[in-house]
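Have the viewer open and follow along.

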Amino acid sequence: MKSLIIIPAYNEEACIEQTVRDITEHAPDFDYIVINDCSKDHTRGICEKNHFHYIDLPVNLGIGGAVQTGYKYALDHGYDFAVQVDGDGQHDPRFLEEMLQVIQEKDLDMLIGSRFINKEGFQSSGLRRTGIRYFTWLIHLLTGKTITDPTSGLRMINKDVIAYFAKEYPRDYPEPESIVAILKRKKKVAEIPVIMRARAGGVSSISPLKSVYYMIKVTIAILLERIR
């Protein structure tokens with residue numbers, strides 16, 4: 001079994017080196033690939049200097065395009081499982097071995113690391129938690145499935161979903177929409193409790209103003225995906 005960690009990175013010079021070193025220390029049985037999404041800072045230079053495995057995108061594709069690039073890489077190189085770990089240091093790689101064991105034992109198509117099952121560690125801001133609860137409600141309304149952390153980027157998928165996501169994957173704020181897409185296709189999705197950390201450095205791409213846009217856009221995308 002081959003497993004790949006996909007690390008989307010846009011302007012993550014403050015975090016990317018420690019993120020990769022945490023992965024190589026705590027998840028040594030996984031391969032990894034950094035997807036440098038045309039960063040304007042020194043992310044690429046740090047990857048080059050440390051001889052990290054990376055793909056350098058010539059144009060900025062956004063989080064969805066960067067992650068899909070990783071899925072295309074996983075498909076082309078015959079990986080059985082792929083997991084997204086964000087480049088900002090929020091996702092703890094110590095949980096990856098457990099996630100790999102659970103996804104195989106329960107024969108799941110997707111396993112999501114949720115910060116809200118045990119409510120330990122960094123819980124995000126109150127505004128974002130309100131938005132997350134809204135998407136939990138919306139996904140349950142449309143699919144009957146309760147996902148406590150639908151915006152979590154810490155998601156492990158199997159070979160079938162790798163092939164699907166390599167061809168079709170949302171470009172902007174993809175997590176909730178992609179969950180609905182595979183639930184619609186009768187795939188098995190579950191969650192596991194994890195502890196997330198506050199961003200180790202840099203600035204989040206989602207400002208309060210963008211949060212409003214995010215809510216509206218993702219709601220429309222989810223509704224369109226459900227009826228498509």
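In which sense do strand 4 and strand 6 pair, and over how many bridges? They pair in the antiparallel sense, over three bridges.

## Before we start

This is a predicted model, in which local features need pLDDT of at least 70 and side-chain atom pairs count only at pLDDT 80 or more, while totals for chains, interfaces and linings use all residues. Residues are numbered from 1 along each chain as its sequence is written, and side-chain values use heavy atoms, with hydrogens and water left out.

## The chain as a whole

The protein chain holds eight helices and seven strands. Both kinds of element are DSSP runs numbered from the N terminus: helices are H or I with at least four residues, and strands are E with at least two. Along the principal axes, the C-alpha atoms fill a box of roughly 50 × 40 × 35 Å.

For 228 residues, a compact globule would have a radius of gyration near 17 Å, and the chain's 16 Å agrees with that. (The radius is taken over C-alpha atoms, and the globule rule is 2.2 Å times the number of residues to the power 0.38.) Of the 228 residues, 53% count as buried; here buried means under 20% relative accessible area, exposed means over 50%, and partly exposed lies in between, using a 1.4 Å probe and protein chains only. Among contacts (heavy atoms within 4.5 Å) between residues at least 6 apart in sequence, 76% join residues at least 24 apart.

Seven of them form an open sheet in the order 3-2-1-4-6-5-7, with mixed pairing; two strands pair if DSSP finds at least two bridges between them. At the edges are strand 3 (54-56) and strand 7 (189-193), each pairing on one side only. On average, neighbouring strands are turned by 20° against each other, direction ignored. Such angles come from axes fitted as lines to C-alpha atoms, for helices over the stretch in contact, and run from 0 to 180 degrees between N-to-C directions.

On one side, Ala82 stands opposite Ile157 of strand 6. Strand 5 also runs antiparallel to strand 6, joined by three bridges, and Leu111 has Met156 as its bridge partner there. In a regular strand, side chains alternate between the two faces of the sheet. Both faces of strand 6 are covered: Arg155 and Ile157 are buried on one side, and Met156 and Asn158 on the other. Strand 5 (residues 110-114) pairs with strand 7 in the parallel sense, over five bridges, and Met110 has Val189 as its partner in strand 7.

## Helices and aromatic rings

Helix 6 (residues 159-167) lies across strand 4 (81-84), strand 5 and strand 6 (155-158), at about 100° to strand 6. Just after helix 7, Lys186 takes a positive phi of about 65°.

The whole structure has eight aromatic pairs. Rings of Phe, Tyr and Trp (its six-membered ring) pair if their centres lie within 6.5 Å; planes under 30 degrees apart count as stacked, over 60 as edge-to-face and the rest as tilted. Tyr71 and Tyr169 pair edge-to-face, at 5.4 Å centre to centre and 80° between the planes. Tyr71 lies in helix 3 (residues 62-76) and Tyr169 in the loop between helix 6 and helix 7 (174-184), so the pair ties together parts that are 98 residues apart in sequence. Tyr71 is buried at 1% relative accessible area, and Tyr169 is buried at 8%. Ring pairs link Tyr71, Tyr164, Phe165 and Tyr169 into a cluster.

## Two residues to look up

Gln68 sits in helix 3 and counts as buried at 5% relative accessibility. Leaving aside neighbours within four places in sequence, its contacts include Phe165, Tyr169 and Arg171.

Is Asp107 buried or exposed? At 55% relative accessibility, Asp107 counts as exposed. Asp107 is found in the loop between helix 4 (96-105) and strand 5, and touches Val102 and Lys188, not counting residues up to four places away in sequence.
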